[in-house]
Amino acid sequence: MWALYRKLQAVSGIMKLGRTENTTHDPYYRETAYNFSEMPISDLQQKAASGDPDAQTRLALCYEIGEEIAQDFEEAARLYRLAADNGFAPAMSNLGYLFEHALGMEADIDEAHSWYQKAASKNYAGAQCSLGFLYEKGLGVQADIFKAVKFYYAAAQQDHPGAQVAPGIMHATGEGLPRDLGKAEKWYRKAAAHNYSKAEYNLGLMYATGAGMQKNPIEAAKWFGRAAEKGVALAQFQLGNLYVVGTGVPQDYVTAHMLFNLAGSRGLSEGIKNRESVAKLMNDAQIAEAQGLARNWRAKSKRGRNSSNTNVRVA
């Protein structure tokens, strides 16, 4: 098989939970905030000023991610604290996130843990997932895989996709839970049902490598495609490889070039290398078309927060 189609494990393994690549932190506020058409920002500001903690949290998130308003972490922190001081669990969890990542304030992992703990005590799934992550990685606390699993399971039972993918990763790697690829697949599918990109990518990897199942390049392309549409660089890279050789999808150098270009622009150096390699097999018109597709994808992604209409073609 052509050398451009590298071994999948050479550039990536399982996509872990982490804090990158479309990590779902608080599912309700961080996902629904991307569509505020039903509530103009002026109305949201008015409700927040009246002391409504839900509006304060939504408005804070707008400031945090720069949605329909200029990004301002300090204002986000102020609004989160107003709602958190009134006992609103989502605001507590999001405030913990700002402390954890030094957004609008100095990093303070102890303060982050404290806010996560307060929100988790109210059975808030986003905070439970974050606590699981802290205990798994030993961030600000002594690493404790049993506590990590406990918090992940508590959030997973509330259909938090980040918490659902976490035990899947543990079962797939044998780190923290017994290695069991069947259980890993089960957890990935639960998270993928919520369109969670890490689960989609990991399912694609399982189908591509035959990990715990029969290899199926068509299914691999499908799952890589779903994650690629959400801007996951590893998925864009893997899907680009499939387009180069026509495995699971029709051979298409233009689409492959576009995907490698997108992956490279998100910091994956292998994407740039493969883009240059496939370009040697293309004419100038094809390269121009691929570059135009990549520009259009980025523009749509910026406007629509990686909506599904991204021209990533999967047969």
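This is a short tour of a predicted model, stop by stop.

Local features here need pLDDT of at least 70, side-chain atom pairs count only at pLDDT 80 or more, and totals for chains, interfaces and linings use all residues. Residues are numbered from 1 along each chain as its sequence is written, and side-chain values use heavy atoms, with hydrogens and water left out.

**Whole chain**

Start with a cartoon view. The chain has 17 helices and zero strands. Helices (H or I, at least four residues) and strands (E, at least two) are DSSP runs, numbered from the N terminus. Of the 315 residues, 52% are buried. Buried means under 20% relative accessible area, exposed means over 50%, and partly exposed lies in between (1.4 Å probe, protein chains only). Now consider contacts between residues at least 6 apart in sequence: 57% of them join residues at least 24 apart. Contact means heavy atoms within 4.5 Å.

**Helices α4 and α5**

Select 53-65 for α4 and 73-85 for α5. Their axes come within 8 Å and cross at roughly 160 degrees. Axes are lines fitted to C-alpha atoms, for helices over the stretch in contact, and angles run from 0 to 180 degrees between N-to-C directions. α4 and α5 are therefore roughly antiparallel. That term covers angles over 145 degrees; under 35 is roughly parallel, 65 to 115 roughly perpendicular, and the rest oblique.

The crossing of α4 and α5 is left-handed. Left-handed means that the near helix is turned anticlockwise from the far one by less than a right angle; clockwise is right-handed.

Show side chains next. On α4, pick P53, Q56, T57, L59, A60, L61, Y63 and E64; they meet F73, E75, A76, L79, Y80, L82 and A83 on α5. By class, the contact of α4 with α5 holds eleven nonpolar, two polar and two charged residues. Ala, Val, Leu, Ile, Met, Phe, Trp, Tyr, Cys and Pro count as nonpolar, Asp, Glu, Lys and Arg as charged, and the others, Gly among them, as polar.

Stay here and select D72, in the loop between α4 and α5. D72 is partly exposed, at 32% relative accessibility.

**Cysteines**

C62 is buried, with a relative accessible area of 0%. Then jump to C129, also buried, at 4% relative accessibility.

**Two loop residues**

Select A102, in the loop between α6 (89-101) and α7 (109-120). Phi of A102 is near 55 degrees, a positive value in a residue other than glycine. A102 is partly exposed, at 36% relative accessibility.

Move on to N123, in the loop between α7 and α8 (125-137). Phi of N123 is near 65 degrees, again positive in a residue other than glycine. N123 is partly exposed, at 46% relative accessibility.

**Helices α14 and α15**

For the last stop, select 233-245 (α14) and 253-265 (α15), which pack at an angle of about 160 degrees with their axes 8 Å apart. That makes α14 roughly antiparallel to α15. Their crossing is left-handed. From α14, the contact uses A233, Q236, F237, L239, G240, N241, Y243 and V244; from α15, it uses Y253, T255, A256, L259, F260, L262 and A263. Color the contact of α14 with α15 by class: eleven residues are nonpolar, four are polar and none is charged.
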